[in-house]
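Hi,

Here is the structure I promised to pass on. Have a look at it first, and then read my notes below.

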Amino acid sequence: RAAMVQAITFADLEGEGLVNDDDLSFATAQVNAAYAELRDLEARGGSSPSIAFLTHFLAPLEATMTSLENGDVDASQTILLGDGETAYISLVESLQAEQEAVQAAIAANTAAAAKVNGYVVFILTLAVPGVAVASYWFVARRQVKEYQLKTELELESERAVSRAKDAFIAGLSHELR
């Protein structure tokens, strides 16, 4: 739209001798490039609700370009400021509504992610120390069992030594008698 207004203004000023052909050619090239980009966007638009408004905007834009190429600056201004402006406003409003919907979806996703993040932090805050305590409890329990087994083996060894000593003393005592 801005490129088209610039091209129309340059075409009007060229008639008065204030703009040379190179400036008008450059402005027209910008209009053609912008128009080609809009057509490409229309083709790639997919399921966007704004595509219908873009198509509606491109029709008066094309008519304005045709009038401008034919040298009818007044008709170009009339088309662009009439149907073109109405279609442009509709397109902008549609794009703004679409943008607000996308921003609302992003905000909802951000809120959901923050909520999940809160749950994860809470769980990790409890789970990590809980796992550490449980692991320590299992390790300590195993160490206690190992110590008990070791102590029982040492006690049994001492008992065997004591029994052997008692048997030796009893045998020695019997021999001495």
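The count of salt bridges in this predicted model comes to six. Three residues, Arg39, Glu42 and Glu62, are linked in a network of such bridges, so let me start there.

Arg39 and Glu42 sit in helix 2 (residues 21-44), three residues apart, about one turn of the helix. Their side chains meet in a salt bridge at 2.7 Å, N to O. With a relative accessible area of 18%, Glu42 is buried, because the cut-off for that is under 20%. Arg39, at 30%, is partly exposed.

The side chain of Arg39 also meets that of Glu62 in a salt bridge, at 3.0 Å, N to O. Glu62 belongs to helix 3 (residues 51-69) while Arg39 is in helix 2, so this pair ties together parts that are 23 residues apart in sequence. Glu62 is partly exposed, with a relative accessible area of 37%.

Another of the salt bridges joins the side chains of Glu156 and Arg163 (3.4 Å, N to O). Here Glu156 is partly exposed, at 38% relative accessible area.

Val128 lies in helix 4 and counts as exposed, with 52% relative accessibility.

A word on confidence: the protein averages a pLDDT of 89, and 100% of the residues score at least 70.

Best wishes

How values were computed
Residues numbered from 1 in each chain as written. Predicted model: local features only at pLDDT ≥ 70, side-chain atom pairs only at ≥ 80, totals over all residues. Heavy atoms only, no water. pLDDT = per-residue confidence, 0-100. Helix = DSSP H or I, 4+ residues; strand = E, 2+ residues; numbered from the N terminus. Buried < 20%, exposed > 50% of the residue type's maximum accessible area, 1.4 Å probe, protein only. Salt bridge = Lys/Arg side-chain N within 4 Å of Asp/Glu carboxyl O.
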